[in-house]
Amino acid sequence: MAREVWITGIGITSSLGEGLDAHWQALAESDPPKPVIDRSIVSPYAVHPMVPLDLDKQIPKKGDQRQMENWQRVGTYSAGLAIDDAGMKGDLDLLSRTHLIVAASGGERDQAADAGILQGIGSAPAPQEFLNERLASDLRPTLFLAQLPNLLAGNISIVHKVTGSSRTFLGEETAGVSAVEVAARRIRADQGDIFLVGGTSIAERKDVLITLVGGGFCWKGDPISVWARPEQGGGATFGSVGAFLVLEASDHAEKRGRRPYAKLGPVLSDRSARKPGQATANGERQMKIIREAAGNRPLAVLSGATGMADATREERDLLAALRQRGEVSTVRGVANMLGSCLEANFAVEVGLAALALSRNGFYQPFENETGFEQPLAEPPSAIVATCWGIWRGEGIGLIEKAG
Amino acid sequence: MGKPLRDHKNRPVVAVTGIGAVSSLGVGLEENWAALTGGKSGIHRISRFPVAHLRTTIAGTIDYLATDPRGLTLAVGELAADEAIRQSRIGSPGHFPGPLFAAVPPVEVDWQQREKLYASSDPARGDAYDRMIAVADAANDRSEFEEYLFANVGERLADRFGTTGAPISLTTACASGATAIQLGVEAIRRGDTDAALCIGTDCSVTAESVIRFILLSALSSNNEVPEEAAKPFSKDRDGFVIAEGAAALVLENYDTAVARGARILAVVRGAAEKSDDFHRTRSKPDGSAVIGALRNTFEDAGMHPDEIAYINAHGTGTPENDKMEAMSLEAVFGEKLKSVPISSNKSMIGHTLSAAGAIEAVFSIKTMLSGVIPPTINYQVPDPTIALDVVPNTARAANVRTVLSNSFGFGGQNACLIFAEEPA
């Protein structure tokens with residue numbers, strides 16, 4: 001029999017706080033849960049900003065902190081929470097066998113240096129030479145390292161001593177789905193016993209926002225429920241999230257005396273060009289596979305719906321149909337509380353699903369505007385996480401109560 | 001059909017049935033191979049942008065295509081993949097029957113775009129980034145800004161070749177190409193797929209990328225004679241030469257490849273890695289992470305170092321890399337290392353960064369197929385602390401049945417691959 005994949009550690013940081021208790025309190029015990037939104041950072045766009053973190057708790061050396069930019073610090077911090085949570089901290093032998101898969105965006109730019117160059121380049125007699133001169137004098141070598149996407153993984157290795165294999169997947173939500181999927185497949189196929197997987201996204205980053213705004217991906221103004229956005233032009237509101245999971249083979253976890261939050265069922269990813277109906281077709285096909293693994297019980301859904309018009313409309317209609325057929329009990333749009341968080345999106349959904357199953361409960365509706373998110377009387381025994389990207393990629397995962 | 005072929009761990013054997021390569025030396029494996037075995041360098045003076053104020057003014061850029069440099073990573077990746085798929089005769093045009101693993105460089109809004117956005121911005125809108133965001137908002141141009149999404153190149157490659165499922169775009173810095181191959185090997189061994197398309201492509205030489213590597217003291221500044229700047233394993237080596245290129249490999253389950261009548265170019269015997277926790281750009285002084293990657297690869301392959309006939313080195317030509325690579329190989333191979341030819345393709349094509357692991361894998365396989373080991377050129381002043389047979393300056397005929405290919409990257413990335421001739 002194939003090994004089970006257990007979730008034995010979760011580390012989450014977001015606009016709502018850090019750690020599992022903070023998120024449970026904000027999302028399951030608060031009634032109604034309230035998102036934290038800031039519109040002063042990049043007006044007219046709202047972001048869900050990261051809470052301040054006491055970095056020393058997970059990155060004790062100031063020298064290490066200085067070698068990173070904010071995105072890497074938050075990621076390294078969140079990875080540390082997951083490692084602590086899984087009881088691995090300081091177990092060098094175990095950490096040296098732990099594999100790492102990080103979903104990453106680009107590292108951060110030195111915005112002050114860029115601003116200085118932009119201010120002068122227009123009036124420079126030889127703009128390209130001016131650029132060379134200023135880049136050569138203004139850029140700091142350490143910041144180049146902060147810019148390399150794989151240096152989040154590199155810093156996690158250095159700070160937390162995770163030194164099995166190390167891979168960094170690039171590119172928005174699908175990278176986050178693939179990270180969890182590949183780790184789960186490798187565990188089931190005996191290609192590794194224990195993995196640290198996840199990602200980090202910082203919504204306050206203006207260097208990233210240029211692309212998202214320019215591509216028409218951003219919702220302007222006060223956020224409304226993602227389920228209401230398709231009819232109003234669509235768009236995503238982004239949120240800062242660091243999310244890491246420890247995925248572990250059941251036999252390996254048992255041997256070191258760890259109980260899981262939940263077990264991970266099938267994780268599937270696919271893509272389409274997003275022509276009308278294509279994402280739905282992928283979603284339906286994936287749900288069939290999930291259904292085979294889940295049996296007949298109704299499934300609660302944590303959706304990664306972003307609010308982008310076409311994709312969210314299709315996903316909403318698909319979920320509504322599944323609910324009508326009794327296959328889905330209820331839905332929560334995670335972006336309504338945390339914002340859309342790109343590379344971190346799938347990992348935070350899986351983490352929140354595992355948390356709910358381990359606490360034998362579920363989350364309050366994350367919105368009350370559309371009636372799409374209904375309270376749940378009975379705690380679910382299985383949760384589906386969906387993750388359709390702002391641009392492309394359709395992913396899904398099944399998280400089940402551990403036996 | 002006979003009994004399925006399994007390796008020493010009872011896993012499906014992974015075959016290579018198609019390879020393609022593009023570098024500063026040209027398009028296509030044959031053109032590259034003729035230049036490589038002729039000891040020819042593709043390094044030249046940078047003409048893409050002014051080099052004023054740059055300590056390094058040479059590179060292995062790809063200048064012979066009409067493509068806008070900003071679209072070159074995709075275009076060159078497509079050329080390499082097209083060659084590999086044609087050779088393998090797998091699937092049908094636009095329908096590759098397996099997933100894509102693409103090693104790509106990180107992308108971001110470039111200076112051309114930044115200047116354009118800033119120039120038409122309103123000073124009252126706030127700081128420079130607020131101003132550019134306001135202009136980007138007004139532009140609202142999906143197709144233009146899609147180019148800066150990280151998944152873009154992988155998605156475009158998947159569009160073009162019709163690979164199955166969601167493509168995986170990845171980076172492990174200068175080990176990326178090897179990592180793409182590893183992911184394909186693992187997927188086939190798991191039985192998730194019978195075929196995988198593994199690509200490494202990187203054409204990201206800009207003024208800023210050159211400056212950034214200069215600031216890390218990583219680049220050679222031997223500008224006078226560009227072809228002679230890359231000097232792996234020489235005493236007077238002073239850094240790598242940044243370069244561009246791409247390579248692709250079609251990997252298949254050996255049995256299904258044989259069943260469809262494919263020509264088996266080689267098999268992947270081993271693929272493994274070990275990450276380093278010492279420093280962001282330097283290896284552990286005792287070499288333990290690189291040594292760990294090598295040992296893990298031999299363990300994965302079920303082979304002994306004595307069975308390796310040729311080593312395709314990472315061999316960047318930085319003082320640090322070549323010393324560490326030689327020291328680590330010696331720890332694993334022992335005295336035997338002195339009699340194993342080892343050469344660095346980077347002496348001729350420079351360091352193609354995210355593509356290097358894939359390009360060198362392709363050249364490793366070609367070494368076995370052709371029976372010629374490409375040289376390490378510019379080897380005039382041997383480093384006495386690196387007493388290796390670096391195949392100096394001139395190609396060598398040799399019967400090579402097994403190759404070890406090394407790839408190391410910033411961020412503590414160490415990945416190794418072992419290729420072998422088709423099993424008898």
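Leu353(B) has 28 C-beta neighbours inside 10 Å, so it counts as buried. Buried here means 20 or more other C-beta atoms, placed from the backbone, within 10 Å of the residue's own; 12 or fewer is exposed, and anything in between is partly exposed. Leu353(B) has a positive phi of about 55° although it is not a glycine. Its place is the loop between helix H12 (346–349) and H13 of chain B. Helices (H or I, at least four residues) and strands (E, at least two) are DSSP runs, numbered from the N terminus.

This is a predicted model, in which local features need pLDDT of at least 70, side-chain atom pairs count only at pLDDT 80 or more, and totals for chains, interfaces and linings use all residues. Residues are numbered from 1 along each chain as its sequence is written, while chains are lettered from A and ligands numbered from 1 in the order in which they are written.

## The two chains

Chain A comes to 15 helices and 14 strands. Its radius of gyration is 21 Å, close to the 22 Å that the globule rule gives for 403 residues, so chain A is as compact as a globular protein of that length. The radius is taken over C-alpha atoms, and the rule is 2.2 Å times the number of residues to the power 0.38. Chain B comes to 13 helices and 15 strands. For its 424 residues a compact globule would have a radius of gyration near 22 Å; the 21 Å of chain B agrees.

Two residues are in contact if their C-beta atoms, placed from the backbone, lie within 7 Å. The table sets out some overall values.

| Property | Chain A | Chain B |
|---|---|---|
| C-alpha span along the principal axes | about 70 × 55 × 35 Å | roughly 70 × 50 × 40 Å |
| Residues that count as buried | 63% of 403 residues | 62% of 424 residues |
| Contacts between residues at least 6 apart in sequence that join residues at least 24 apart | 81% | 78% |

## Where the chains meet

How many residues of chain A are in contact with chain B? On the chain A side there are 62 residues, and they touch 66 residues of chain B. Elements of chain A that each supply at least two residues include helix H5 (111–121), helix H9 (172–188) and strand E10 (262–270). The chain A side divides into 24 nonpolar, 25 polar and 13 charged residues. Ala, Val, Leu, Ile, Met, Phe, Trp, Tyr, Cys and Pro count as nonpolar, Asp, Glu, Lys and Arg as charged, and the others, Gly among them, as polar.

Lys161(A) lies in the loop between H8 and E6 of chain A. Neighbours within four places in sequence aside, Lys161(A) contacts Leu92(A), Leu95(A) and Asp277(B). Lys161(A) is partly exposed, with 18 other C-beta atoms within 10 Å.

## Helix pairs in chain B

Two packed helices are described by the angle between their axes and the distance between the axes. Axes are lines fitted to C-alpha atoms, for helices over the stretch in contact, and angles run from 0 to 180 degrees between N-to-C directions. Under 35 degrees counts as roughly parallel, over 145 as roughly antiparallel, 65 to 115 as roughly perpendicular and the rest as oblique.

H7(B) (residues 176–190) packs on H13(B) (residues 356–370) at about 70°, with axes 4 Å apart. That makes H7(B) roughly perpendicular to H13(B). Among the contact residues are Ser176(B) and Gly177(B) of H7(B), and Ala356(B) and Gly357(B) of H13(B). The contact divides into seven nonpolar, four polar and no charged residues.

Ala173(B) has a phi near 55°, a positive value in a residue other than glycine. Ala173(B) is buried, with 28 other C-beta atoms within 10 Å.

H3(B) (residues 111–119) meets H4(B) (residues 128–139) at about 85°, with axes 8 Å apart. H3(B) and H4(B) are therefore roughly perpendicular to each other. Their contact divides into six nonpolar, no polar and two charged residues.

## Cis peptide bonds in chain A

A cis peptide bond joins Asp31(A) and Pro32(A), with omega about 0°. Pro32(A) sits in the loop between helix H1 (20–29) and strand E3 (38–42). The bond from Ser43(A) to Pro44(A) is cis, with omega near 5°. Pro44(A) is found in the loop between E3 and strand E4 (45–48).
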